[in-house]
Amino acid sequence: IRLYRGFSTAGGVCAVDRLGVFDQLFYKADQYGVISMIMGGASVLAPARPGETLDADAIAGHLAARLANIPLLRVKMVQDPLRLGTVRRVENPDFDMREHISVASLPAPGGYEELRDCLADLSSTPLSLDKLWHWTVIGGLEGGKVAVDCQVHHALADGVGIVEVLSAMYDMEPVDPEPWPAAAESDAAAPSSFSLLGTPRFLLKKAGPALRAVGSGLREAIGNGGTFADLAAQPEVTPTSLNIRKFSGSRSLAWKTLPLAEVKAVAKHFGCKVNDVGLLLFSFAMENYLEANGEAVDNDLWCAMPLSTRKAGENAGGNQLAIGRLSLHNTIPDPLERLAAIHRDAQQVKDSARPEQPVVTIEELSEVLFPVALDGLMYAAGKLNLLGRVSDVYCYANAIMSNVPGAPVPVYVANGLMVESIPKIPALEIIAVSGGFTSMGDAITIGFHCDGETVADPDLFVHGVEFAWQALHKAMPQAQRKARQRARQKAPPKNRPANTAAAKSWRTAK
């Protein structure tokens, strides 16, 4: 995988790689205690060969061997001492794989509850900014299985980007585990403070064009009389107990795995996307949790959705995404009608996230934002808890939902077949639940990553998923019957009997 074009250590000096605007925001937000954007997930591996067992230590060594030479995982973030230039990625000359991969074991019997509690505990331990990713290989699962918990800082990459990068872990058939790699030596020297400072291009080259583009966009918006009216007409989001002021130090976790073929069949039958089915399940999950806790859901709940803006085949690190917002249409009680509404809105949100000719890109705007201003903003946000203060007067969404597709075919990690991929979508400080929908081989898993103090029983979300899934299955035969009835009404057979008895016999045969 070619991660960075021109990323090298020619001449013994670490090449620098400038972060994008979202990378900068995620890094600075963590640096000043505003929010810690840690992506996570867990893969469950089952023995791929009859009679074999999986050894957690051997799997850890295999992962180390496969991940050791991925450039994105060998970097660290640096900035000039005065913080006048932007944060840069550079190769870490002191990189040690053993600091990034560890081994743990579940208590007996090693089932769902034990794994759930272990994954929640791992999520409760945040990554430090000098160690932007960590893998934990977990043994002791029932059936001789092993789990691999992954944590990656969002400043390194978005979900789609990290999935592409980590494809080096997988094989198309089982292989013997590779041993731990020898410690790699690097002769790259740290970049100088002057090279980190860089030329202030954002003032000399970009400020004028970007500001002119912003001015042009404002003039265009003012000329369009409906623009500000449309903004003012944006629906209000009613906060729930899941809208909080700040995350606690604990996490809770739950998930439900479904057969991917069945989810695809449901989506095809009702003329929608797999992601739409996931959003419907999430809609009922939210509803069930709130009602079980005594909150009446008499209004539509809303979720924020990260949307990838990557082009097909693009696999570089960094974040390439936009943020959309979608109604979960809880005021529509019928699951099929709710699914149709979600399908319609989801397509509109995706289309709006990819304008053909944007007036000004967020990267251009980031060029005119002096790094000191970003530091000052994040410092104030952390000290004053600005996110929590804003959430007191404005509610953007009740939850976060993201869909990260995995490998479309069965894959193996050493001699383990990946049978389940459990998402742990990053938690926003002021929203107590983040949902994820992740496919892997012939299974798809919807997971709920929650604030532990707010959500004591995350399995209530799973119960809502199970209810909605059963409702969709019950609706499929009913929808088929209605379709046949409509077809007969529109085009009755020419040989349909005229008398009542014969008609009854014909309908029975049909």
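**Note on the predicted model**

1. The model contains an open sheet of six strands, arranged in the order S5-S6-S7-S2-S13-S12, and the pairing in this sheet is mixed. Its edge strands are S5 (101-105) and S12 (412-413), each of which pairs on one side only. Please keep in mind that this is a predicted model, not an experimental one.

2. The largest nonpolar core has 51 residues. Those with the most contacts inside this core are Leu-63, Leu-67, Ile-101, Trp-133 and Trp-135. At least two residues of the core come from each of helix H1 (21-31), S2, H2, strand S3 (75-78), S6, S7 and helix H12 (371-384). H2 gives the largest share, six residues.

3. Leaving aside residues up to four places away in sequence, Trp-133 touches Leu-67, Leu-73, Phe-95, Met-97, His-100, Ile-101, Leu-127, Gln-151, Val-152 and Leu-156. Another core, of 50 residues, lies apart from the largest one; among its members are Leu-280, Cys-303, Leu-339 and Ala-427.

4. Helix H1 is largely enclosed by the rest of the structure, because nine of its eleven residues are buried. The buried residues are Val-21, Phe-22, Asp-23, Gln-24, Phe-26, Tyr-27, Lys-28, Ala-29 and Asp-30. Just after H1 comes Gly-33, which takes a positive phi of about 70°.

5. Strand S15 (residues 443-451) is mostly covered, and nine of its nine residues are buried. S15 pairs with strand S8 (residues 251-259) in the antiparallel sense over nine bridges; here Trp-255 stands opposite Gly-447 of S15. S15 also pairs with strand S14 (residues 433-440), again in the antiparallel sense, over eight bridges. In that pairing Ser-434 stands opposite His-449 of S15. S14 and S15 form a hairpin with two residues between the strands, and Gly-441 in this hairpin takes a positive phi near 65°.

6. Is Tyr-396 buried, partly exposed or exposed? Tyr-396 has a relative accessible area of 33%; buried would require under 20% and exposed over 50%, so Tyr-396 counts as partly exposed. Tyr-396 is located in the loop between helix H13 (386-393) and strand S11 (399-404). Not counting residues up to four places away in sequence, Tyr-396 touches Val-237, Ala-304, Ile-323, Gly-324 and Arg-325. The C-alpha atoms of Tyr-396 and Glu-236 are separated by 8.1 Å, although these residues are 160 residues apart along the chain.

7. How many disulfides does the model contain? The count comes to zero, where a disulfide would need a pair of cysteine sulfur atoms within 2.5 Å. Two cysteines can be checked for burial. Cys-118 has a relative accessibility of 16% and Cys-272 has 12%. Cys-118 is under the 20% limit and therefore counts as buried, and the limit of 20% also places Cys-272 among the buried residues.

Notes
Residues are numbered from 1 along each chain as its sequence is written. This is a predicted model: local features need pLDDT of at least 70, side-chain atom pairs count only at pLDDT 80 or more; totals for chains, interfaces and linings use all residues. Side-chain values use heavy atoms; hydrogens and water are left out. Two strands pair if DSSP finds at least two bridges between them. Helices (H or I, at least four residues) and strands (E, at least two) are DSSP runs, numbered from the N terminus. A nonpolar core is a set of buried Ala, Val, Leu, Ile, Met, Phe, Trp, Tyr and Cys residues joined through side-chain atoms within 4.5 Å. Buried means under 20% relative accessible area, exposed over 50%, partly exposed in between (1.4 Å probe, protein chains only). Contact means heavy atoms within 4.5 Å.
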